[in-house]
Amino acid sequence: MDDISIVLCGEAGQGIETIEDILTKILKISKYNVFAVKEYMSRVRGGSNSTEIRISPKPIKAYVDRIDLLFALSSKSLDHLSNRISENTLIFGDKEILGDNQKVIDIELVKTSKKIGSNIYANTVTAGLICGLFNVPEYELQKFIKQFFEKKGEKIVKKNLEAISEGYELAKKIVESGIKVKTKKSDELSRDMGKDILLSGKDAVSLGALAGGCNFIAGYPMSPATGILSFMSANSEEVEVIAEQSEDEISAINMAIGSWYCGGRGMTTTSGGGFALMEEGLSLAGMSETPLVVHIGQRPGPATGLPTRTEQADLDLALYAGHGEFARAILTPGSIEECFYLSKYSFSLADKFQIPVFILTDQYLLDSQHNMPSLDQKKYEIKKYVIKTEKDYRRYEFTKNGISPRGIPGFGEGLVIQTGNEHDEIGHVAENATLRKKMVEKRLNEKINLLKNEVIYPELIGGKAYKFLLLGWGSTRNIVEEALKELKEPKLGFLHFKQVYPLPREIMGYLVNAQKVLAIENNASGQFANLIKRETGFDIKYKILKYDGRPFSVEEVVKRIKDILER
Amino acid sequence: MNAKDFDLEKIDISWCPGCGNFTLLKILKEAFAELEIKPEHLVVVSGIGQSSKTPHYFKNNTFHTLHGRAIPIATAVKAVNPNLTVIAEGGDGDMYGEGGNHVLHAIRRNPNITNIVHNNMIYGLTKGQASPTTMIGAKTTLQVNGVILEPFNPIAVAISLNASFVARAFVGYIEKTKEILKKAILHKGYSIIDIFQQCPSFNKINTFEWFKQNTYYLEDEYDPYDRINAFRRSIETEKLPLGIFYINEKKSFEDNLGLYNDKEDPLCFRERDSNKIVKYIDSKLR
C-alpha cells in the first residue's frame, strides 16, 4: 500500500482534534507526507466527530472516502462511518465499547486509558499506537509530547507519556498478530522534506492577510471563519494588528470600513449567515469607494443550516450582495497555498481599485492541512496607494484612469470627505442627474473594466489538448486534481478558477474548444455555471453537484466524471 | 483659531428654518475653534438623518455613513489613528433606534470618541414619525393613537452601563452647551452628549419653549463621580436635568489594545518591517 487513510472517530470532547494535531506534526517530522481534515458536529460533547489523516510517500492534498485504518473510540463511531467502511477497512477499538462486531480488531484503547487514570488519555494511547505502527521512534514522540503538553503541567505530561508507551505496546501486539500496515517514507524518494511546512487553510488565510499588510480585523464568532480572528487575536501585539470581536456582524464590517478610511488595511471574517447581516456595509464600501476585504468561510445554509459542515453555496450571495450597483472582486482559493497568496493579494487589489474584495473559502478548505514546500513570500508584493493630500483635495475627482487618488484624514492638508449618499467630486451630497450617471459609471463599468485587465486567469490542469473540459472553483481544486490522476484520461482538462468575478474577457476561448463542458460545484444549483451563462451565454450542460453538507471525495469525483464521459 | 476657520463656501443647507441643527452647527464650530482643533485633524463620522448631514456644512474630514453605523466606523478610525479628534454624530433615531446596539457596546468598549446625539424626540428626514425618545401619547402618522412605547432614556442607560462620560444639553443655552461639549471632547474615553433641540416642522409638543420650561441645570455642587446619585438624577421626569451627569475615568479602548504602550505613532502610519513579518510568517510556518 502506497497511501494509507487513517480515520479516528470519537465523541466531541474525546480529543480527536488533539490527536490530529499531534499526529500530523510528528508524522511530518518523521518524513511522511500528511494530509488531514476533520468533520464534526455542532455540539461540544457527545455525537460523533472524525478526522481523516492520509499518509503517503507522495504529496497528498485531498479527501478520500476510503478508510484503511479506523480507530473507533466511541460506540457510535461505526454507525457514523458505515458508508465509508469497506471490507478492506481494518477497525481497531475496544470490543467492550463497540459491541461484538466481527470486523473489529479488539484493541483496548479506552480500557488502557482508564488504567492510566481516565478515559481522556485514549487519544494519546491511539497516537502512540499509530506512531508505533509507522515506525516513528518512540523518543521522537516523547520529545514532542513533552513540548505539546508542557503548559498543562508535569502531571499531565507524565500521564501522556505513559499513554504513549502503552500505545507502542499495543502496536507491537498488532504487528505480532500478523497485521501489516506499512507505507514508504518520503526519504525513500527523491524530495527532501526537511524544510516542508505544515499549514491549514485557516492559518494560511490569516498569514496571507498579514503578509498583505492587514493591520485591522473585526469579526463576530461564526464557524468556520472564527479561526482567522482567533489567530489574529493571539498574535495581535507581536505583529501589530488590531483584532476586535464586535457586538455583531454589522459593526464588524463597518469597523473594517472605518479602518481603511483612515489608512488602515482592514478585513472582516464571517460565514454566509453573518455576511447576510453585512450587506448594507458592503454597499457603503461600494458607494464610498472604500477598500474592504471580506473573508467568507462558507457553510451550508439557509439560516443556521449545518453550522460545522461544508458547502459552496454563497457565491451568489457574494456576487449579488448589497443594494445598488458597484464593482467587486471575488477570489476563490482552491488550495492552502492559494489561501495564503490570494489573501495576501486581496489587500493590494482592494486598495488599488477602492472596492470590496471577497475571499471565498469553505469549512473543508479551512479545516484541511497538509505539508508543502515553504511559500514564496515574494509573490504578490504589497502595493499601497494612499496619497498625501493637497489643500484643494477632492476625494472623488474624475481622472483619466478612472480611479480617484485616495487620501486619508490627517495625512496632508486636504480634507477627506466621504459619503454613502450620491456625491460630487469633493464628497458632498449631490443629486445632479449627469453627475449621478458619471459616478455610477466610475464605480461600476470603469472599475470592472480595469479589474478585467488584471484578472487572475484560471489554471488549466490535466489535458492541455482537451476534448472534455471540467470547470471548478475554490476548494474542489485538489480533489479534482487527484481524481484526474486516477482517471488518466488525456482528453480531459480541468479549469480551476481562483477568481470567479470578474471573469477574464477570453473566457469563451476555453469553452468553444471542448466537446463536453462540465462544472463541479459543492452546491445544489450550479451557481458558477449560472454565472458563466450570465457572462457568456454559454450553457454548461453537465453539472456535478453535491449539497449534502460534505466535501467531494476523490472517489466520488472519479465516478461522476466517468458517468458523464461515458454518456 | 476662530469659528470662521470652519466655514465652507457655497453650501446648500437642507434644514428647515428654525431647526435646532443651525444652533448646534454654530456651537460645534466655536467649540472646535476654541479647542484649537484644526479641520484636518478632525474626523466627523455621521449616520443618516437631518442631523447626520451636519459634517457636510463645515470643514472637517467627513464620513457620512449608514443609518445607525457611525459608531463602529468612528471606533475604527480612532483605533488606527488616535491622534485625530473623532466625533460620532447623529440623531435620536439614528443612535438610539437603528444604532442602539452600537451605543451599548461603545459604552462597554470605551473608545476615545465623542458621541453627539441631536435629540429632537422625532424623526425629521422621514417626516415626523416617533423616535425612541418621543413621549408617550404623542400622535404621528404612524402612531395614530399616540405613542405607547416607553421612551428610551439614554442618560440612565449610559450610567447603568458605567459609561465614561455622560451629559445632556439643550441648544437653547449656547454657551453652556458649548462648555459641556468641550469637556466631552477633551474627556479621554467614550463620551455621550445627548443634546435637546427643537424640530419646528414635526415636533409640535417638545418645542423650543417646552425645552426651556421643562429643563434645568444640575446644581454647581453636584458630584458627577457619584454613580448612584447620577442614576437617580437621570430618571427624573418632572423636569429634565441638564449638565454633566456622570464621569468615570477609565482606560480607553485604544490604550487597552496594547499597540500604543511603547509607540505613539498611529497604526496607519506604521511601516511594517517587511523582513520582520517575513521572518514571523516563516516561524509560524515551521
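The model is predicted, so local features are described at pLDDT of at least 70 and side-chain atom pairs at pLDDT 80 or more, while totals for chains, interfaces and linings use all residues. Residues are numbered from 1 along each chain as its sequence is written, with chains lettered from A and ligands numbered from 1 in the order in which they are written.

Chain A is assigned domain 1 (4-194), domain 2 (198-372), domain 3 (386-453) and domain 4 (459-565), with bounds that come from an automatic or database domain assignment. Taken over C-alpha atoms, the centres of domain 1 and domain 2 of chain A are 33 Å apart. Contact (C-beta atoms, placed from the backbone, within 7 Å) joins 15 residues of domain 1 of chain A to 10 residues of domain 2 of chain A. On the domain 1 side, α1 (16-29) and β2 (33-39) of chain A are the elements that give two or more residues; helices (H or I, at least four residues) and strands (E, at least two) are DSSP runs numbered from the N terminus. The largest share of that side, 6 residues, belongs to β2(A).

Helix α7 of chain A (residues 154-176) has 23 residues and reaches 33 Å from its first C-alpha to its last, close to the expected 33 Å, where the expected span is 1.5 Å times one less than the number of residues. A residue counts as buried with 20 or more other C-beta atoms within 10 Å of its own, exposed with 12 or fewer and partly exposed in between, the C-beta atoms being placed from the backbone. Among the buried residues of α7(A) are Asn160(A), Glu166(A) and Leu170(A), and their cover includes α4 (109-116), α5 (122-133) and α6 (138-149) of chain A. Just after α7(A), Gly178(A) takes a positive phi of about 100 degrees.

Gly526(A) sits in the loop between β22 (516-521) and α19 (527-536) of chain A. With 18 other C-beta atoms within 10 Å, Gly526(A) is partly exposed. Beyond its neighbours within four places in sequence, Gly526(A) contacts Ala519(A), Glu521(A), Lys543(A) and Leu545(A). The C-alpha atoms of Gly526(A) and Lys543(A) are separated by 6.9 Å, although these residues are 17 apart along the chain.

In chain B, helices α2 (residues 70-80) and α4 (residues 100-109) pack at about 30 degrees with their axes 9 Å apart. The contact is made by Ile71(B), Pro72(B) and Thr75(B) of α2(B) with His102(B), Val103(B), Ala106(B) and Arg109(B) of α4(B).

How values were computed: Axes are lines fitted to C-alpha atoms, for helices over the stretch in contact, and angles run from 0 to 180 degrees between N-to-C directions. Two residues are in contact if their C-beta atoms, placed from the backbone, lie within 7 Å.
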